[in-house]
Amino acid sequence: MQVNIHESWKDVLREEFKKDYFIDLLDYVVDEYKNNTCFPVKEDVFSAFNHCLFEDIKVVIIGQDPYHGKGQANGLCFSVQDGIKHPPSLVNIFKELQTDIGVKYPVSGDLSRWAKQGVFLLNATLTVRENEAASHQKKGWETFTDAVIAKISEEKENVVFLLWGKFAESKTKLINLEKHTVFTAPHPSPLGAWRGWFDSKHFSQTNEFLKSKNLQSIHW
């Protein structure tokens with residue numbers, strides 16, 4: 001599989017791409033796509049990196065796995081292709097947006113509009129087998145995406161990390177809290193959203209922080 005990734009990331013991750021685990025991971029992914037239906041489509045596996053350039057990052061949102069239903073995943077966490085029914089977590093994200101900053105509920109669940117403004121939408125695992133949640137976990141993707149988070153922490157300043165749910169919160173250890181801001185909340189899925197996802201106000205808080213650093217706020 002070609003690492004179809006923007007030049008701005010190639011410089012940052014060049015050494016990671018040479019490591020044995022990453023080479024083995026790509027071999028595994030190639031076999032999986034050859035022998036099974038996997039998502040997102042191959043061209044979109046590194047979409048998060050291509051929609052949000054390294055130098056543009058202002059906000060990082062961390063998901064766990066791509067959606068595993070046909071036509072859903074587009075390489076950005078929590079995001080779905082245009083015209084696809086919004087999954088429950090995304091519905092709750094949009095509901096919180098409405099109450100937090102008054103954004104009208106969007107027709108499209110494609111979050112590339114956020115990514116192009118500097119919101120890096122990273123899943124910890126970048127691929128999945130159709131209808132088999134977590135099927136590509138513990139194959140090397142997490143090692144890679146942990147390295148990505150650590151690189152962002154090391155080389156950037158004043159990035160807002162939005163960590164939703166226990167899994168995302170576990171990534172706090174990779175982040176330099178003296179240089180960056182972390183907001184945590186329960187996961188927006190229906191299972192946990194009632195525990196504090198609603199009224200978490202992460203979207204308005206993020207914009208307030210960015211403005212305080214003289215950075216352009218996000219048009220959510």
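**Stop one: two crossing helices**

Select helix α4 (residues 88-101) and helix α8 (residues 202-212): their axes come within 8 Å and cross at roughly 60 degrees. Helices here are DSSP runs of H or I with at least four residues, strands are E runs of at least two, and both are numbered from the N terminus. The axes are lines fitted to C-alpha atoms, for helices over the stretch in contact, with angles from 0 to 180 degrees between N-to-C directions. α4 and α8 are therefore oblique to each other (under 35 degrees counts as roughly parallel, over 145 as roughly antiparallel, 65 to 115 as roughly perpendicular, and the rest as oblique).

Now show side chains. Ile93, Glu96, Leu97, Asp100 and Ile101 of α4 make the contact with His202, Phe203 and Ser204 of α8, where contact means heavy atoms within 4.5 Å. By class, that's 4 nonpolar, 2 polar and 2 charged residues (Ala, Val, Leu, Ile, Met, Phe, Trp, Tyr, Cys and Pro count as nonpolar, Asp, Glu, Lys and Arg as charged, and the others, Gly among them, as polar).

A quick note before moving on: this is a predicted model, so local features need pLDDT of at least 70 and side-chain atom pairs count only at pLDDT 80 or more, while totals for chains, interfaces and linings use all residues. Residues are numbered from 1 along each chain as its sequence is written, and side-chain values use heavy atoms, leaving out hydrogens and water.

**Stop two: helix α6**

Select residues 141-155, which form α6, a helix of 15 residues. Which of its residues are buried? Among them are Trp141, Phe144, Val148 and Ile152, buried meaning under 20% relative accessible area, with exposed over 50% and partly exposed in between (1.4 Å probe, protein chains only). The buried residues pack against several elements, including α1 (7-17), α2 (20-35) and β5 (160-164).

Tyr21, Phe22, Leu25 and Val29 in α2 meet Trp141, Thr143 and Phe144 in α6. Those residues divide into 6 nonpolar, 1 polar and no charged.

Most residues other than glycine have a negative phi, and most peptide bonds are trans. Zoom to phenylalanine 39 and proline 40, where the peptide bond is cis, with omega near -5 degrees. Next, phenylalanine 78 has a positive phi of about 70 degrees and is buried at 10% relative accessible area. Finish at alanine 134, with phi near 70 degrees; alanine 134 is partly exposed, at 33%.

How values were computed. The expected span of a helix is 1.5 Å times one less than its number of residues.
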